[in-house]
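This report describes side-chain interactions and strand pairing in the structure shown below.

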Amino acid sequence: MNALNYDILVIGAGPAGASAAAAAARRNLRVLLVERRKVVGLPVQCAEYIPAQLLGELDLGRSYVVQPVRGMKTFLAGREVKTTPSPGFIINRAVFDQLLVRTAIDRGAEIRLKSKAVSRKGNSVLIKTEHASPVAITAKVIVGADGPLSAVAGWIGASNPELIAAVQVRVSLKHPLEFAEVYFDKDFYGGYAWLFPRGEQANLGLGIRKKGGRPPPLGQLLAAFLRQCAGAGKITGKPSGLITGWIPAGPVHKIVDGNLMLAGDAAGQTHPVTGAGIFPAVTAGRLAGSWAARALAANDFKLLSCYESEYRDLFDDSTRRAVSRRRLMESQWDNLDQILKNCWIAFKEYYVDT
């Protein structure tokens, strides 16, 4: 079996993985980025919204921006209850991911597509690539950025049980929308539905938490939400591009173990209530790649723990509040109309500690 040596192996080429690879490669380290998909960013498993501030922090141009949005409208049982001015952008997620990966490659990182990390023994990871012989990659630091069902997280006993099942389609809009729309309903246990405009089309989907051990009836609820939006005169025609996936609803209990680090969805680094994950993934990836490089430069792997500390300094307050609100939301779901203001970010009550 072939064996190759790298300073840093990054598993997963989404926003977290690509950002980690770019941050490490700029310090002249040998970095390998492994991605299981044939094309970076495809298929898209994302509602494709980013906050306005992220655009200013990235040196990627604007080619991935599809549409600006003025804010968010929140609906409860089909009735609008709140309009929140909060500028953001709907993006082409595939283009966004590809630009992040291009940055990493331009800085010297290598990439292997159609490749899957299947096992780990010490510093060696077995990589299987389509139509090629398996190869053992030996790396001083391993960054797991392989999504919510992370194999890497499983290697260190940090798999995430807090997951939301999600489904999304692309629909045509009858009229342009300037706001992202979020819909709460008692049928959408522990989650919500969304209609995010992207020009003449929109991403329409929903995410739901499993209740009582039963899988949520995603297909049935998606069909009902499609009918609701069509009946409201917002969409027309048949949906296309059905995708399904998982959204972390809480952080994992550890993101650093020895020479292994987790970032992005693999670390549960999405907002536990909204599910928003692009901004924290890019931030975490940058931190993970930077601290990995510093640890190697100092030959001190204890420095890897600084990644977790710095990430927590940035996000711990918002994450703790969101975890608390999620617990309240799920425990009082039958009283959704009474507790929504305390559980959803659009309302000032969400930010009041009790």
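## Salt bridges across the chain

The structure holds 19 salt bridges, a salt bridge being a side-chain nitrogen of Lys or Arg within 4 Å of a carboxyl oxygen of Asp or Glu. The model is predicted: local features need pLDDT of at least 70, side-chain atom pairs count only at pLDDT 80 or more, and totals for chains, interfaces and linings use all residues. Residues are numbered from 1 along each chain as its sequence is written, and side-chain values use heavy atoms, with hydrogens and water left out.

One of the salt bridges joins the side chains of Lys140 and Asp7, at 3.2 Å from N to O. This pair links distant parts of the chain, since Lys140 belongs to strand 9 (residues 135-144) and Asp7 to strand 1 (residues 2-11), 133 residues apart. Helices (H or I, at least four residues) and strands (E, at least two) are DSSP runs, numbered from the N terminus. Lys140 is partly exposed, with a relative accessible area of 43%, whereas Asp7 is buried at 14%. Here buried means under 20% relative accessible area, exposed over 50%, and partly exposed in between (1.4 Å probe, protein chains only).

Glu162 and Arg209 also form a salt bridge through their side chains, with an N to O distance of 2.2 Å. Glu162 lies in the loop between helix 4 (151-155) and strand 10 (163-173) and Arg209 in strand 13 (residues 201-209), so the pair ties together parts that are 47 residues apart in sequence. Glu162 is partly exposed, with a relative accessible area of 31%, while Arg209 is buried at 13%.

In the salt bridge between Asp316 and Arg312, the closest N and O atoms are 3.6 Å apart. Both residues lie in helix 7 (residues 305-331), 4 residues apart, about one turn of the helix. Asp316 is buried, with a relative accessible area of 18%; Arg312 counts as partly exposed at 31% relative accessibility. Elsewhere, salt bridges that share partners join Glu162, Arg209, Arg326 and Glu330 into one network.

## Strand 13 and its partners

Strand 13 is mostly covered, as 8 of its 9 residues are buried. Strand 10 pairs with strand 13 in the antiparallel sense over 9 bridges, where two strands pair if DSSP finds at least two bridges between them. Arg170 stands opposite Asn203 in strand 13.

Strand 12 (residues 192-198) likewise pairs with strand 13 in the antiparallel sense, over 7 bridges. Arg198 stands opposite Gln201 in strand 13. Strands 12 and 13 form a hairpin with 2 residues between them, and Gly199 in the turn has a positive phi of about 75°.

## Aromatic rings

A search of the whole structure finds 13 aromatic pairs. Rings of Phe, Tyr and Trp (its six-membered ring) pair if their centres lie within 6.5 Å; planes under 30 degrees apart count as stacked, over 60 as edge-to-face and the rest as tilted. The ring centres of Phe279 and Phe315 are 6.0 Å apart and the planes stand at 65°, so the pair is edge-to-face. Phe279 lies in helix 6 (residues 278-298) and Phe315 in helix 7, so this pair ties together parts that are 36 residues apart in sequence. Phe279 counts as partly exposed at 21% relative accessibility, whereas Phe315 is buried at 12%. Ring pairs also link Phe75, Tyr183, Phe188 and Phe225 into a cluster.

The charged end of Arg294 sits over the ring of Trp291, 4.2 Å from its centre. Arg325 lies over the face of Tyr350, at 5.6 Å from the ring centre. A charge sits over a ring if NZ of Lys or CZ of Arg is within 6 Å of the ring centre and within 35 degrees of the ring normal.

Glu330 lies in helix 7 and counts as buried at 18% relative accessibility. Leaving aside its neighbours within four places in sequence, Glu330 is in contact (heavy atoms within 4.5 Å) with Tyr189, Gly190 and Arg209.

The side chains of Glu330 and Arg209 are joined by a polar contact of 2.9 Å. A polar contact is a pair of N or O atoms within 3.5 Å; within protein, one must be able to donate a hydrogen and the other to accept it, and residues adjacent in sequence count only if both atoms are side-chain atoms. Glu330 and Glu35 are 295 residues apart in sequence and 35 Å apart in space, C-alpha to C-alpha.
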